[in-house]
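Here is a friendly tour of one protein model, with cut-offs spelled out as they come up. Take a look at the structure, then read on.

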Amino acid sequence: MSAGETRDAVAEYWSQNMAGTNAFSPQMYWLAVPSVQARYQRLACAGAPYASWVDYVVNEFMLPRGLCKGRVLSLGCGSGALERDLARLNAFAACDAFDVAADAIGVARREADASAMAAIHYAVRDVQQGSLPEAAYDAAFFNGSLHHIEALEKVLLDVRRSLVPRGLLVFNEYVGARHFDFPLVQRNAITAAFSMLPPRYRRSFAPGAQGIELTKAPLPDWREVKRTDPSEAVRASEILPIVRSAFDIVTLNPCGGAILQFLLSGIAGHFREEDPAAMAYLDTLMRFEDALMLGGDVPSDFVVCVATAKPGSAATRQAVAA
């Protein structure tokens, strides 16, 4: 598949599977379970009393640096939830937001218009092509999009160049195994945790399999992942090393997900607050993941990171010269 064909396939896939579609429904998606989402946000905020990682980043890192009065960038914006959150927090005067999926951009524009958020400027654009303006942005955000980028070095260096002095790179990301090709220890842990669940909580909500009892954990086949979406976690495990080569990490908060992401895939809808037994099982699963991460047996597959450009970038040279 050529680069252009891959880009078109990815754009089509994410036009059909954007946030709000069945794949991200409360029945199917791990982070649509309220208690799992609450745990994720608590970890993402390093325990600070904020409702979300976006609120945390704005108040703890952007406001103290005076970075909420200029322009911000959102790359791989999808249907635009992040930009709307940033607008509600008065985190920018203007925002440029790009995505390859035209349908997702259409939804983002409609939602922004409905909320009278005229300062958000959406465009269909492949961030792996072309370049960004120099020293133009106070902050650049990736929200679950950086792990879809194959040209990581090119894109991150371009982002570094686009930031103003003291500007921030911010991402909320999957940084685990490439194409979800998990190591054996992690796969075994997911399998063991799944086998603990009673049959009633293993009945699938997936289209075409509703009500069917799953007999084994829904572990992904990396070949099928790659076939379905060539961009999925294409170089995810390389994100942090490449970021560290061009940026200084200000904070890196592990958010978990190494067990829960796929263990709950397709069965998330069973874990409702009105079912005390289900919530007790879920609490045990979350504690199991916490213990494995604490012991270093599995990684945190998701992180929230804030970073600044290393000395030597164009923006930094400009600041020194001034």
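Buried residues make up 51% of the 322 residues in the chain, where buried means under 20% relative accessible area, exposed means over 50% and partly exposed is in between (1.4 Å probe, protein chains only). This is a predicted model, in which local features need pLDDT of at least 70 and side-chain atom pairs count only at pLDDT 80 or more, while totals for chains, interfaces and linings use all residues. Residues are numbered from 1 along each chain as its sequence is written, and side-chain values use heavy atoms, with hydrogens and water left out.

**Overall build**

- The chain has 12 helices and 7 strands; these are DSSP runs numbered from the N terminus, with helices being H or I of at least four residues and strands being E of at least two.
- Of the contacts in the chain with a separation of 6 or more, 78% are accounted for by residues 24 or more positions apart; contact means heavy atoms within 4.5 Å.
- The accessible surface of the chain is about 14,200 Å², and 54% of that belongs to carbon and sulfur atoms; such areas come from the Shrake-Rupley method with a 1.4 Å probe, and for residues only the protein chains shown count as cover.

**Aromatic pairs**

- A search of the whole structure gives 12 aromatic pairs. Rings of Phe, Tyr and Trp (its six-membered ring) pair if their centres lie within 6.5 Å, and planes under 30 degrees apart count as stacked, over 60 as edge-to-face and the rest as tilted.
- F180 and F262 have ring centres 4.9 Å apart and planes at 70 degrees, so this pair is edge-to-face.
- Because F180 lies in the loop between β5 (163–174) and α7 (184–196) and F262 lies in helix α10 (residues 260–263), the pair ties together parts that are 82 residues apart in sequence.
- F180 is buried at a relative accessible area of 8%, and F262 is buried at 12% relative accessibility.
- Another edge-to-face pair is Y201 with Y281, whose ring centres are 5.8 Å apart and whose planes are at 65 degrees.
- Y201 sits in the loop between α7 and α8 (222–228) and Y281 in helix α11 (residues 276–294), so parts 80 residues apart in sequence are tied together by the pair.
- Y201 is buried at 3% relative accessibility, whereas Y281 is partly exposed, with a relative accessible area of 26%.
- One aromatic cluster is formed by W30, Y40, Y174, F180, F182, F262 and F302.

**Helix α6 and its cover**

- In helix α6 (residues 152–162), the buried residues are L152, V155, L156, D158, V159, R160 and S162.
- Their cover includes β1 (71–75), β4 (137–143), β5, α9 (239–246), β6 (247–256) and β7 (302–309).

**Arginines to look at**

- R235 is found in the loop between α8 and α9 and is buried, at 13% relative accessibility.
- The side chains of R235 and E153 are joined by a polar contact of 2.8 Å. A polar contact is a pair of N or O atoms within 3.5 Å; within protein, one must be able to donate a hydrogen and the other to accept it, and residues adjacent in sequence count only if both atoms are side-chain atoms.
- Apart from its neighbours within four places in sequence, R235 is in contact with H147, I149, E150, L152, E153 and I242.
- R125 has its charged end over the ring of F98, 4.8 Å from the ring centre; the rule asks for NZ of Lys or CZ of Arg within 6 Å of the ring centre and within 35 degrees of the ring normal.
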